[in-house]
Amino acid sequence: MAETLEKNVVEPKEPLFGKVEKKLLKDPLNDNNPITVQVLGVCSALAVTSMVYPSFVMAVAVVFVCGFSSLLTSLVRNKIPPQVRMIVQLVIIATLVTIVELTLKRFQYPIYRQLTVYIGLIITNCIVMGRLEAFAMANKPWRSFVDGIGNGLGYGAILLIVAVIREIFGKGSLFAGSPLEMKLIGTTPDYFINTMAEGSWFGWYANNNLMVLPAAAMFIIGVLIWIQRSYNPKLVDIS
Amino acid sequence: MYTTKYIFGFVFIMTSLVALVLSGLFMGWKDQSAINESIFNKRAILGAVNDHLGGKDAQTMGDEEVNAFFDKNVKQIALDMSGTELKADDVIKAGYKGGKAEHIDMAKEKKKDEAERIIPLYIFDAGQEEFYIVTVIGNGLWDNIWGNIALKSDMSTIVGTSFDHAGETPGLGAEIKDNPTFPARFKGKKIYNEAGEYVSVALVKTGAKADDPHGVDGISGATVTAVGVEEMLKRGVKYYEPYFNSIKTTKKSGVRN
């Protein structure tokens, strides 16, 4: 009796991309950013951000893995025995990461060589597993997917901001290694500003090697957290 | 609650599915991935003779172009430690199916006993001149480092180098690859001194003298990697000495001409 009753209740039709989905997608970009607010996934954010192009590839990979692992986990969430749920999540993540790795090896070999270790380390990226445990295990597939994509984007956004700063000041270029490569400031004539040119106003300038080191990423992320907190009242502790 | 049987069944089905998908992908893309890897290596080898490619740049050449250029202008031979040229069968016996020098995996060779190693030698024909490109491997701070060293036909003067690494620190050890001025420092340096003795090239910490033919500037902040590069050159290039000596003697006695 109870069962039939439940079936008769007509659920209000929800739009495919309603308020909830928008919030899921937007929140990780600012109010609940995985790196600057939750301080997750910092390890890879320090390591890969010395240049924009590898960071971009890394960001795309994490968006893909995060989105689809949330989707897959959510699809089978009611079938997963709780005793082995972590293992199941890990297998799903590892599968997707391996797919990313094989794809890069097949289509973008040079970048694969540059990122090998870090692509594998997406498996242990706390953001991915964190979203599965916190969201996908308890929500419907579509919303979980959007949540995963949102968190991947939040991570990727910080990665790109840090990488742009580090590459400009550390190497004097942007998107080096990709077809979009821009040479901005350096010591040879093919740079936009050639510091070695005669009568150049930038003769004093030298690339800052500290920016290439992982430590620079930590300072930049720290400053980003500071800026974000001073602008976003929601993040300030009122205690 | 879930029964043990259910749990085992669930895990079994899931892992089988995953294994099927991944092995399918791997097998399907294996050939192209291998081609990508070989082009990547060929580009690195050509990078060592970048000044002599007839105005081309190994980094900006297309994949097909690298392949065609390499196969047309580079002769590859596999050597053993006594300097004897190996036949394709011997290379296959050493564990490399392709049977050519380019198939030799230096990281694998590094794990073998020194006396059993086999090494690739690439002879680049630039028209008027021949260059000998040797491959060396050694230890950096975190992982393997390796490089290709191009020598003039006197087998002593370096005309170019290209280095790579598996996991050196960006900004420090990784400069051997990222900083274009590092490989360029070796140009014109000599492996042998005037008396014909083997001295190799050292990385000098406080900066090498401009006229020192056996020293280049080190990398600040990356002492271990620099020591690794130095050791790798000293040991790795010497492996080719027996073969170089045999060429030199045949050249002197005029048999080759």
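**Figure 1. B:G24 in helix α1 of chain B.** In this predicted model, B:G24 is partly exposed, with a relative accessible area of 41%, where buried means under 20% relative accessible area, exposed over 50% and partly exposed in between, for a 1.4 Å probe and protein chains only. The residue B:G24 belongs to helix α1 of chain B; helices (H or I, at least four residues) and strands (E, at least two) are DSSP runs, numbered from the N terminus. Between B:G24 and B:E85 there are 61 residues of separation in sequence and 39 Å in space, C-alpha to C-alpha. For orientation, chain B contains eight helices and eight strands, and its C-alpha atoms fill a box of roughly 85 × 45 × 40 Å along the principal axes. Of the 257 residues in chain B, 43% are buried.

The model is predicted, so that local features need pLDDT of at least 70 and side-chain atom pairs count only at pLDDT 80 or more, while totals for chains, interfaces and linings use all residues. Residues are numbered from 1 along each chain as its sequence is written, chains are lettered from A and ligands numbered from 1 in the order in which they are written, and side-chain values use heavy atoms, with hydrogens and water left out.

**Figure 2. The second largest pocket, lined by residues of chains A and B.** This pocket has a volume of about 380 Å³. On a 1 Å grid over the protein atoms alone, a pocket is an open set of points with protein on both sides within 12 Å along at least five of seven lines, a cavity is a set of points where a 1.4 Å probe fits but cannot get out, and lining residues have an atom within 4 Å of a point. Grid points are joined across faces, edges and corners, and a volume is the space filled by probe spheres set on the points. The lining of the second largest pocket consists of 14 residues, and those nearest its centre are A:L72, A:I92, B:M14, B:L17 and B:V18. Two or more lining residues come from each of α4 (52-75) and α5 (85-107) of chain A and α1 (4-47) of chain B, with α1(B) giving the largest share, six residues. By class, 13 of the lining residues are nonpolar, one is polar and none is charged, where Ala, Val, Leu, Ile, Met, Phe, Trp, Tyr, Cys and Pro count as nonpolar, Asp, Glu, Lys and Arg as charged, and the others, Gly among them, as polar.

**Figure 3. The largest cavity, with a lining from chain B.** The structure holds one cavity of 30 Å³ or more, and the largest cavity has a volume of about 70 Å³. Its lining includes B:M106, B:R117, B:I119, B:V136 and B:Y239. At least two lining residues are supplied by each of α4 (106-111), β3 (118-125), β4 (130-139) and α7 (223-238) of chain B. The lining is made up of six nonpolar, two polar and four charged residues. Strand β3 of chain B also holds B:L121, which is buried at 0% relative accessibility. The C-alpha atom of B:L121 is separated by 14 Å from that of B:N245, although the two residues are 124 residues apart along the chain.

**Figure 4. The salt bridge between A:E21 and A:R143.** The closest N and O atoms of this pair are 3.3 Å apart, a salt bridge being a side-chain nitrogen of Lys or Arg within 4 Å of a carboxyl oxygen of Asp or Glu. Because A:E21 lies in helix α2 (residues 19-26) of chain A and A:R143 in helix α8 (residues 141-171) of chain A, the pair ties together parts that are 122 residues apart in sequence. A:E21 is buried, with a relative accessible area of 3%, whereas A:R143 is partly exposed, with 22%.

**Figure 5. Salt bridges in chain B, with B:E241 and B:K238 as one pair.** Over all chains, the count of salt bridges comes to 15. B:E241 and B:K238 meet through their side chains at 2.8 Å, N to O; B:E241 is buried, with a relative accessible area of 16%, and B:K238 is partly exposed at 38%. The side chains of B:E65 and B:K56 form a salt bridge at 3.9 Å, N to O, in which B:E65 is partly exposed at 36% and B:K56 is partly exposed at 35%. A network of salt bridges links B:K42, B:D71 and B:E102.
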